[in-house]
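Grab a pencil and open the viewer.

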Amino acid sequence: MTTKTILITGGAGFIGSHVVRLFVNKYPDYQIVNLDNLTYAGNLANLTDVESQPNYTFVKGDITDQKFITELFATYNFDGVIHLAAESHVDRSITSPMEFVLTNVVGTVNLLNASKELVKGGKAFDRFYHVSTDEVYGSLHDDSFFTEQTSYDPQSPYSASKASSDHFVRAYHNTYKLPVVISNCSNNYGPNQFPEKLIPLFINNIRQEKALPVYGKGENIRDWLYVVDHARAIDVVYHQGVLGETYNIGGHNEWTNIGLIKVLCKIMDRKLNRAEGSSEKLISYVTDRAGHDFRYAIDASKIQKELGWTPSLQFEEGIEKTIDWYIENESWLSFVTSGDYLNYYKQQYSK
Ligand code: NAD
Ligand code: TYD
């Protein structure tokens, strides 16, 4: 028997596919509706293991299409929303900021409006859960951490669009009493990430013995969390997070880019039976990203103390699992890096 119908947006993407898998398998009494427009980053091959489950439905559609969203909500009368659909890559936001405004801001407001109408119509609505990023807090230049009280200071078109959407979510809570919750997570890594982001891009390039384009001096710092641990946190926040609250999610796992890249090179040499040091020779320092945020680091003590969530995997284990997945799923990599990817790659890296 279905007890709840939950809309997950962006469920064919990297993090969304892990959230869909967790919810479909863990909650057989929930009907999970995955709404995704299947942009270059969305791929139904990420979900072949759950696609025939009776409690899973896929709907292809665009969150910027207000009429479509209104009809979707009328059809399904959702009990809750977990919103992940977004344009998510900083480099693309630098070349095409308007796409980020449309999907990340307008798309989010469309979903908020549709949720608000359900509540207005008397629906007992669980919550609108907005999945956001630590990048809204800006760039750290000392050894402090982002807490839930850190002021927003987004620096890229991507983070500005996510910050804007976070503000709209809070405004709907304050103005219309929409039940909402927000989480802001650090950089994720793991299976199914589109190979435009650092880790899968570099694994794919090492595999093909292509140059590894390190921006600037490689000294920027990111805080990496295994994607399945983020999905576990999303489950906890959806079910136990206090309405109106924000939760920071992170792995307390900071790496300089160059430090992380050297670890990747070393493990790949071992896994591919290549001479030690051969992948490091592919490192190529290229022009820095415009406005490149220096350091992100999350203080995740609130979610740990209040909701009992902690990461389950150490980085050493997570990165081995991740590399194994990309090596074993070469056909996935080849599939997603055909077609448009080649044009993107040329444009991004031939500057
Ligand atoms: P992704 O780019 O892999 O996936 C995004 C998904 O959204 C894709 O399946 C895409 O098809 C879909 N989508 C894009 N535009 C759409 C539209 N207009 N209508 C419907 N669907 C659309 O992104 P991801 O890395 O999985 O990130 C998911 C969410 O988590 C995003 O909101 C992102 O801001 C947030 N987040 C990501 C990270 C990270 O490290 N990747 C960290 C913290 C937060
Ligand atoms: P990315 O995976 O794009 O995530 P984000 O910018 O959202 O943190 O990049 C992670 C870090 O790696 C960031 O400091 C930029 C850097 N980077 C490179 O040095 N070279 C690359 O080709 C890419 C894609 C990223």
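**Exercise 1.** Find out which element gives the largest share of the lining of the second largest pocket.

*Solution.* That share, six residues, comes from H12. Helices here are DSSP runs of H or I with at least four residues, strands are E runs of at least two, and both are numbered from the N terminus. A quick note before you go on: this is a predicted model, where local features need pLDDT of at least 70, side-chain atom pairs count only at pLDDT 80 or more, and totals for chains, interfaces and linings use all residues. Residues are numbered from 1 along each chain as its sequence is written, and side-chain values use heavy atoms, with hydrogens and water left out.

Next, look at the pocket itself. On a 1 Å grid over the protein atoms alone, a pocket is an open set of points where a 1.4 Å probe fits, with protein on both sides within 12 Å along at least five of seven lines; lining residues have an atom within 4 Å of a point. This one has a volume of about 440 Å³, the volume being the space filled by probe spheres set on the points, which are joined across faces, edges and corners. Of its 17 lining residues, Tyr40, Arg92, Asp340, Tyr341 and Tyr344 are the closest to the centre. Helices H3 (90-95), H11 (330-336) and H12 (340-349) each give two or more residues to the lining.

**Exercise 2.** Work out which residues of H12 are buried and which are exposed on its other side.

*Solution.* Buried means under 20% relative accessible area, exposed over 50%, and partly exposed in between (1.4 Å probe, protein chains only). Tyr341, Tyr344, Tyr345 and Gln348 are the buried ones. Seen down the axis of H12, they fall within an arc of 100°, so they line one face of the helix. That arc is taken from the directions from the helix axis to the C-beta atoms. On the other side, Leu342, Lys346 and Gln347 are exposed.

**Exercise 3.** Say what kind of aromatic pair phenylalanine 23 and tyrosine 27 form.

*Solution.* Rings of Phe, Tyr and Trp (its six-membered ring) pair if their centres lie within 6.5 Å; planes under 30 degrees apart count as stacked, over 60 as edge-to-face and the rest as tilted. Here you have 5.4 Å centre to centre and 50° between the planes, so the pair is tilted. Phenylalanine 23 is buried at 0% relative accessible area, and tyrosine 27 is buried at 14%.

Terms used
Chains are lettered from A and ligands numbered from 1 in the order in which they are written.
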